Amino acid sequence: MDSTPAFPKTLLNEPGSAPVESAPSHFPEERFSFSGSGAEYFGIWLVNLVLTLVTLGIYSAWAKVRRNQYFYSNTWVAGANFNFHGTPYAILKGRAVALVLLAAYNFAGTLATKFLVLAVVALALIMPWFLRRGLIFRARNSSYRSIRFRFTGSNGNAYRTFIVWGLAMLVSFGLAAPAVAQRLRAFHFNNLNLGTTSFRFTATIRQFYKLWARTSLLWFAAMFCVGILVGGTLAAIGGWAAAAPALPIAAILSFWLTRAHYVSGMQNLVWNNMTLGPHRFRSEARVGPLFRIMMKNALFTIFTLGLYRPYAVVNVMKYRAETMSLLPGAPVDEFLAQVEREASAVGAETADLFDLEISL
Amino acid sequence: MITLQADYFDGKSARSHAVQVRVEGSALVVEGANVNRREVCKTLTISEALGNTARTITFPDGATLLIKESDLLERMLDGTSLSSSFAATAPNKKVWVIASVVGLMALVGVGYTFGLPWAAKSMAHALPPKVLEAIGDGALGSFDSMGFATTKLAESRRNEIIKKFEAMKPHVGNTKVRRILFRSSPEHGANAVALPDGTMVVTDELVALAQNDNQIMGVMCHELGHVAYRHGAQNVVEGAIVAAFLSVYLGDFSTIVTGAAATLAVSHYSRQSEREADDYAIAMMRANKLPPKALADLLARMDHDYRAQKKAGKAGKREMTDYFSSHPGTAERIAHIEAAR
């Protein structure tokens, strides 16, 4: 239930390259900020958790709304915050549909293998439709300065992107992953608008491969240094018994270091290559600080048996928001609204449950 | 009367207008340089109170008010249709937060002790055979990669045991073993396991350790008890429930942590399950005119054998997977079975 809030996924996410050179405008840079606190979110998280357990999960739709509202409303840029407008009923309806689909999928799996194959194919065919609905729902229910976001990607485009690149993923044994990641984000952001102003996403597949390559290298280097050097030193001093604990520690440290590198790199890559009409963004997330935050979060969460979790989520959100700026190319209050039909939550929820949500 | 400073957005452009907001009767009044609105509170929606988070009031036409002082706003709106719900204000009150922590711990404690076994039992009995077979096949697959090798028993001996057991009447209903398999496993020693689908695995070592076939039948009756009462399926369901709870509690923290913790929480049969299976074995053996003491005797031999090996330092690798860590309370069980004579 308490996954990273959807807002950061939509708006704040990931990474990579060098910061954009300073904006060629005379408007001052506007820094993003996050005004929430761990203690405050702890209360919200806890009440959400208890009510969700007491109602056997029904309350989780309300919980999700309140969590999203908390994270959106506390994210500020240029003197105003974001807003989440999704309703619990829309989310509950979506969950019901998702549950039916999941049950059908599992049931097909228990009948016979050939039904399972059919179910997987059917799932592949409806998934793009659901994912697109999900993006529409999320955009439609997010606003900034009373202007709603809009997602305008077509069904045709959704099917092309997901099926073609999904197959590429299979055929290449996963080597296409960076390209797929780029294509999904391009599909998302190149169809995203704030009112009548459009986002444009210009990061290339090549840049995605570079990030993947650097992250993999870092992992090997970290495993080698911590495992071999630290482990070796210990083995030299105290024999193999003393060195054995170094290996899991090496694995854990490397995992978090790699993760910090990937998350910060992706945030920079996406936002330093994004425009919103005349506006641009700058993202300066760094591996070191993010690594320290993640390690601290992991340790405290373990030692408090999970009670630190809401603080951990806030810590990461705060860091990610505060390393981002908007570089206005025009007055920020010139975004204009556009009237649009209501979107249902079905897509977003199904994507959530199947864990296929494209999180950018 | 309370008057608040706010930012007004008209819903058509992102331009902000500095305004003052107050309540007059059942209406909200908004006044600023270019703004002059009066709306009945009932037509407005307000974002929930979430700590000190800034609040947004939305008008029917999509215009919004951004108000930073949540506390003051709450006082201003008190008595109107816009004041907050319980769930929204609870996190702001220390006493409710503390009550929630205590409540959560009590809920988890009671749920784990009573609710979980009850729910798992009901669900285990509701699982269709196809699902059980899928679980059984999966478990058997991982077994064979865990130090269980092809049996070295002669085929005639195997068939003799199978025939003998299949000739016995089950204790309740028509619980049947789906198949009886033999495996050689010096690593795990004398052992017998029943999988949720009714597949029974008996080790060569157990057959060798038994002094007579009655003892083997005793252990097999006991395992059939686990199948009849769906103990294995119950463990699987409990694991799934614990994993579901942990994933709600820890969010996306780590599926690995969740999975591992769920496995640890339910990997052993409970003492109560053992007692039920023993009682099943006692009843079934009596009904088939076999002495229940045979089961107790074999248990004692297995225990003795295990201790001897442990003393000799040979049992190190067996600790996590052997019969005695998955079947707790041996001494107590032997006493119980012997008392039942």
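Guide: Just beyond helix 10 of chain B, Lys289(B) adopts a positive phi of about 60°; helices here are DSSP runs of H or I with at least four residues, strands are runs of E with at least two, and both are numbered from the N terminus. The model is predicted, so local features need pLDDT of at least 70 and side-chain atom pairs count only at pLDDT 80 or more, whereas totals for chains, interfaces and linings use all residues. Residues are numbered from 1 along each chain as its sequence is written, while chains are lettered from A and ligands numbered from 1 in the order in which they are written.

A residue is buried if 20 or more other C-beta atoms, placed from the backbone, lie within 10 Å of its own, exposed if 12 or fewer do, and partly exposed in between. In chain B, 37% of the 341 residues are buried, and the chain has 13 helices and eleven strands.

The nonpolar cores provide the wider setting; each is a set of buried Ala, Val, Leu, Ile, Met, Phe, Trp, Tyr and Cys residues joined through C-beta atoms within 7 Å. The largest has 95 residues, of which Tyr41(A), Ala6(B), Val21(B), Leu65(B) and Ile67(B) touch the most other members. Helix 2 (residues 38-54) of chain A contributes the most to this core, with nine residues.

As for the neighbouring chain, the contact involves 40 residues of chain B and 36 residues of chain A, two residues being in contact if their C-beta atoms, placed from the backbone, lie within 7 Å. On the side of chain B that touches chain A, helix 3 of chain B gives the most, with six residues. Helix 3 of chain B also bends by about 50° at Gly111(B), a bend being the angle between axes fitted to the seven residues ending there and the seven starting there. Its buried residues are Ser100(B), Leu116(B), Ala120(B) and Ala124(B).
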